[in-house]
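User: I have a structure here that I have not looked at before. Can you walk me through it?

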Amino acid sequence: MVSIIEDVQVRKILDSRGNPTIEVDVITWNSKGRAAAPSGASTGSYEVVPYPKGGIDEVVSEMEDLIASELIGMDAEDLVTIDEVLKEVDGTDNLSAIGGNTTVAISMAVAKAAAASYNMPLYKYIGGNLVNELPFPLGNMMNGGAHAGINAPDIQEFLVVPVGATNISDAVFANASVHKRLKELIQSKDSNFTGGKGDEGGWVPNISNDAALEIQARACEEVGDELGIEIRPSLDIAASELWNAAEQKYIYAQDGIKRDTGDQIDFVKDIIDTYNMFYVEDPFDESDFGGFSQLTAKVGDKCLICGDDLFVTNKELLAKGIEMKAANAIIIKPNQIGSLSETYATVKLAKENNIVPVVSHRSGETTDETIAHLAVGFSSPLIKTGAIGGERIAKLNELIRIEEELPNPTMNKF
Ligand SMILES: O=C(O)[C@@H](CO)OP(=O)(O)O
Ligand SMILES: [Mg+2]
C-alpha cells in the first residue's frame, strides 16, 4: 500500500497541432505519475468522446476537484477499480460527461504513479521482470488524406517497417534514413515540392497514389540495401475517410477514381502483391467487416491486415472481428477506449487469438512517452509512432533507453 493517491491535478497543455490537450499528474506520498492524452483527426465513429461539451476548460475548472475527491485515498495499484470509478463518475456509455481523454490521461498517470511508487519503469510494472522484447517501429514516411493538405495522395499514411533490424536503435535510424531518402525521391518527381510535412511528420507530396507507392518501395529497397536491413513498405489507407456512403464508393480525389467494395478489394490486393506490403491498416470503411474478411482470406497469410477505426481498441468489436476473421492485427490506442485497464483487456483478447496488437500514437500528440512503455510492457510486435518530429521521437528515443536498460533485449517476433 505504498501507492495511495494523495492528489490529482489536471491542466491544459499544447499538442503537436497547436490544439489544447489534457495533462494529468497523479501524486502518491512517494511518487508522481504524469500523462497526457493525444487526439485523432481521422477518428473512428465508435471511439469514446474525448471531452465534455465545454472542452478541457470545463474539465479543469469544474471537474478536477470532483475527480480528485473520488480518487484521493485509493491505491494507484488498483487500476481496474479506479477505471471503474471514473466510468461511474462519468455515468454515460461513451464517456461524454467527463471525456475519454480525461479518463485515459488519469488512467495512464495512475499506472505511472503506481510504477514510480515501486521505483519501477512503467514497462516493467506492466510486463514484469522478464519482459525483454522491443517492438518494430512502423515509421510514417509520407502523409495524405486527413493528415495532409490539398493535392496530397488520398492514402493517409505511407509507412515502413525495418523488419530485418536486430535492435531498436538500428530500426529507428533505418526509418529515419528512408524518410530522408524519400525527400530526395519526391523532389525528383515534383520540382515544386516545398518540403512540407503532414501531422505525423511524413512528407506531403503533390503526386498520385501510384507514384507515392512507387517511390516508397524504391526508398525501402535502396536504403535497405545500403544498410543491410530488410525494410518493408506498409500503409494506413484510413478508408473510412474515403468512403462515400451515399454513392457506396471509395473516392480517390487525387487520382479522380471511384471504387466500389469489390474494386477496393482488388485494388488493395494488387498493391499488397505488387509492393510486397508488410502491413495494411483500415483498407475498408469502419462498418465493413465483410470487406475486411474477404481481403484477410485472400492475403492474410502474407500481410498484416489491421483494424483501427474498425475496432477502436474495443473488446466487443474485436470479438466480432475474431469471429468474422476480419483482420490479423489491431491498432491499440488507449484514448479510443478511455482507460488503460480496458486497453489491456483488448490486447489480451487479441493475443489469445493470434491477432497482432499494434500500439499506436495519434496524429495529434505530445511528448508523452507512455506508449513506448505500453508497447514493451504488452510485448507488442509493432509500435506505430512516426519517424521524426519532437512528439514522435519522444517515443522512439524512449525505446532506445528501454533497450539499454534491459538485460537481454531482443526484437519482437511476428
Ligand atoms: O489513423 C490513424 O491510425 C491515426 C494515427 O496514425 O490517425 P488519427 O490519430 O488521426 O486517428
Ligand atoms: Mg489508422
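This is a predicted model: local features need pLDDT of at least 70, side-chain atom pairs count only at pLDDT 80 or more; totals for chains, interfaces and linings use all residues.

User: Which residues are the protein donors of the magnesium ion (ligand 2)?

Analyst: Asp236 (OD), Glu281 (OE) and Asp308 (OD), lying 2.0 to 2.2 Å from the magnesium ion. Donors are N, O and S atoms within 2.8 Å of the metal (3.2 Å for Na, K and Ca); water is not among the atoms, so sites may look incomplete.

User: What spacing do the donors follow along the chain?

Analyst: The spacing is D-x44-E-x26-D. Asp236 in strand S7 (residues 232-236) and Asp308 in the loop between S12 and H9 are 72 residues apart, so this pair links distant parts of the chain. Helices (H or I, at least four residues) and strands (E, at least two) are DSSP runs, numbered from the N terminus.

User: What does UniProt place at Asp236, Glu281 and Asp308?

Analyst: An unreviewed UniProt entry places the feature "binding site" at these three residues. They span 73 residues in sequence, yet no two of their C-alpha atoms are more than 9.1 Å apart, so they gather at one spot. From this set, Asp236 and Asp308 are in the lining of the second largest cavity. On a 1 Å grid over the protein atoms alone, a cavity is a set of points where a 1.4 Å probe fits but cannot get out, and lining residues have an atom within 4 Å of a point. UniProt positions are given in the numbering used here, feature names are shortened, and annotations may be inferred rather than shown by experiment.

User: Is Glu281 buried or exposed?

Analyst: Glu281 is buried, with a relative accessible area of 0%. Buried means under 20% relative accessible area, exposed over 50%, and partly exposed in between (1.4 Å probe, protein chains only). Glu281 sits in strand S11 (residues 279-281). Asp308 counts as buried too, at 2% relative accessibility, and Asp236 is likewise buried.

User: What does Asp308 contact?

Analyst: Setting aside neighbours within four places in sequence, Asp308 is in contact with Asp236, Glu281, Asp282, Ile331, Lys333 and Gln336. Contact means heavy atoms within 4.5 Å.

User: Lys333 is in that list. Where is Lys333?

Analyst: Lys333 is in the loop between strand S13 (329-332) and helix H10 (334-337). The unreviewed UniProt entry gives the feature "active site" at Glu200 and Lys333. Of this set, Lys333 is in the lining of the largest cavity. Lys333 is buried, with a relative accessible area of 6%.

User: And where is Glu200?

Analyst: Glu200 is in the loop between helix H5 (168-189) and helix H6 (209-227). At 2% relative accessibility, Glu200 counts as buried. Leaving out neighbours within four places in sequence, the contacts of Glu200 include His361 and Arg362. With the same exclusion, the contacts of Lys333 also include His361 and Arg362.

User: Changing topic: how many aromatic pairs does a search of the whole structure find?

Analyst: Six. One of them is tilted: the rings of Trp243 and Tyr250 have their centres 4.6 Å apart and their planes at 50°. Rings of Phe, Tyr and Trp (its six-membered ring) pair if their centres lie within 6.5 Å; planes under 30 degrees apart count as stacked, over 60 as edge-to-face and the rest as tilted. Trp243 is buried at 19% relative accessible area, and Tyr250 is buried at 0%.

User: What kind of aromatic pair do Phe289 and Phe311 form?

Analyst: An edge-to-face pair, 6.2 Å centre to centre with 65° between the planes. Phe289 is in helix H8 and Phe311 in the loop between S12 and H9, 22 residues apart. Both are buried.

User: Which faces does Arg259 lie over?

Analyst: Arg259 lies over the face of Tyr252, at 4.5 Å from the ring centre, and over that of Phe267, at 3.5 Å. A charge sits over a ring if NZ of Lys or CZ of Arg is within 6 Å of the ring centre and within 35 degrees of the ring normal.

User: Last one: what covers the buried residues of H8?

Analyst: The cover includes helix H7 (261-275), strand S12 (304-307) and helix H9 (315-323). In H8 (residues 289-299), the buried residues include Phe289, Phe292 and Leu295.

Notes:
Residues are numbered from 1 along each chain as its sequence is written. Chains are lettered from A and ligands numbered from 1 in the order in which they are written. Side-chain values use heavy atoms; hydrogens and water are left out. On a 1 Å grid over the protein atoms alone, a cavity is a set of points where a 1.4 Å probe fits but cannot get out, and a pocket is an open set with protein on both sides within 12 Å along at least five of seven lines; lining residues have an atom within 4 Å of a point.
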